[in-house]
Amino acid sequence: MAKLGNPQETIQILQKHDFHFQKKFGQNFLIDPHVLDKIVEAAEVGKEDFVLEIGPGIGTMTQYLCERARQVLAVEIDSNLIPILEETLSGYDNVEILHGDILKQDIQGIADGYNGGNPIKVVANLPYYITTPIIMGLFESHVPLANITVMVQKEVADRMKAEPGTKEYGALSLAVQYYARPYLAANVPPNCFIPRPGVGSAVIRLDCLKKTPVEVQDEGLMFRLIRASFNQRRKTLQNGLANSGELNFSKEEIGRAIEKIGLPAAIRGERLGLKEFAALADELVKGKDGKKDE
């Protein structure tokens, strides 16, 4: 089978199989060998590695991964792409194709079955609408992960690595940085894809942390506070949290907790880092416990 990664080969195989792009899957296939090399290098794939690839498309990136990795499991949601993948990957004996939705797979079972429970590497080219659910699903499953290297919309990559106080900074920045260290590997212009997307993309590698950067008593509460503070980012932190339907603290309780952890009363959520959100969550838990004791 010919090596994919250039426009001619890609168009040829799509025409041969009479493949039609489906908007609902956000399909954009890479046609630039330099970018493909950059992704594999960014993911630091070596001969001992098992790679879980999400959204292999026609198998372009999969071919590059198969040449570097010990084994690749490619999970594809679009049934129309399965016969194409079977053809384009027929020359490799270290790949398995799985037809299904990655959000419904047992990732722990995959890590155990294919990699003896050791940390796995994930590579993906993700459409914008599904980026966050897939990445957060991987993190929150607490499956052993070495790194996740993803092609995403440029704006999403900027949000993942944003610092407090910047306009890109938000709930996604904090969620990603709680689990991983983001590293921007490459910017990718629209002309590197078929069909051309309307926006620029970026390759970002998320190096998964062995230990979270902060300790918090109630992780769920901390993330509810984060979401609530950015849902109404123009409001002060106190007002944003008091107005949230996800939280059941009074405006006074929130004000007291903000004061207790040494923050100014009129501060906005976008000024807080993980450390401050963790401290605020712990203080609110302590305040509730204190009330119970009274």
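Trainee: Of the contacts between residues at least 6 apart in sequence, what percentage join residues at least 24 apart?

Mentor: In the protein chain, 67% of them do, a contact being heavy atoms within 4.5 Å. This is a predicted model, where local features need pLDDT of at least 70 and side-chain atom pairs count only at pLDDT 80 or more, while totals for chains, interfaces and linings use all residues. Residues are numbered from 1 along each chain as its sequence is written, and side-chain values use heavy atoms, with hydrogens and water left out.

Trainee: How many helices and strands are there?

Mentor: The protein chain has twelve helices and nine strands. These are DSSP runs numbered from the N terminus: H or I of at least four residues for helices, E of at least two for strands.

Trainee: And what share of the residues is buried?

Mentor: Of the 294 residues in the protein chain, 49% are buried. Buried is under 20% relative accessible area, exposed over 50%, partly exposed in between (1.4 Å probe, protein chains only).

Trainee: Switching to rings. How many aromatic pairs turn up?

Mentor: Eight, searching the whole structure. Rings of Phe, Tyr and Trp (its six-membered ring) pair if their centres lie within 6.5 Å; planes under 30 degrees apart are stacked, over 60 edge-to-face, the rest tilted.

Trainee: Where do Phe139 and Tyr179 sit?

Mentor: Phe139 is in helix 6 (residues 128-140) and Tyr179 in helix 8 (residues 171-179), so the pair links parts of the chain 40 residues apart.

Trainee: Why do they count as buried?

Mentor: Because Phe139 has 4% relative accessibility and Tyr179 has 8%.

Trainee: What about Tyr178 and Phe223: why is that pair edge-to-face?

Mentor: Because their planes are at 85 degrees, with the ring centres 5.4 Å apart. Tyr178 is in helix 8 and Phe223 in helix 9, 45 residues apart. Both residues are buried.

Trainee: Which residues do the ring pairs link into a cluster?

Mentor: Phe139, Tyr178, Tyr179 and Phe223.

Trainee: Back to helix 9. How far does it reach?

Mentor: Helix 9 (residues 219-231) has 13 residues and reaches 18 Å from its first C-alpha to its last, close to the 18 Å expected at 1.5 Å a residue. The expected span is 1.5 Å times one less than the number of residues.

Trainee: Which of its residues are buried?

Mentor: Leu221, Met222, Phe223, Leu225, Ile226, Ala228, Ser229 and Phe230.

Trainee: What happens at the start of helix 9?

Mentor: There, a side-chain oxygen of Asp218 comes within 3.2 Å of the backbone nitrogen of Gly220.

Key. Polar contact = N/O pair within 3.5 Å; in protein donor to acceptor, adjacent residues only side chain to side chain.
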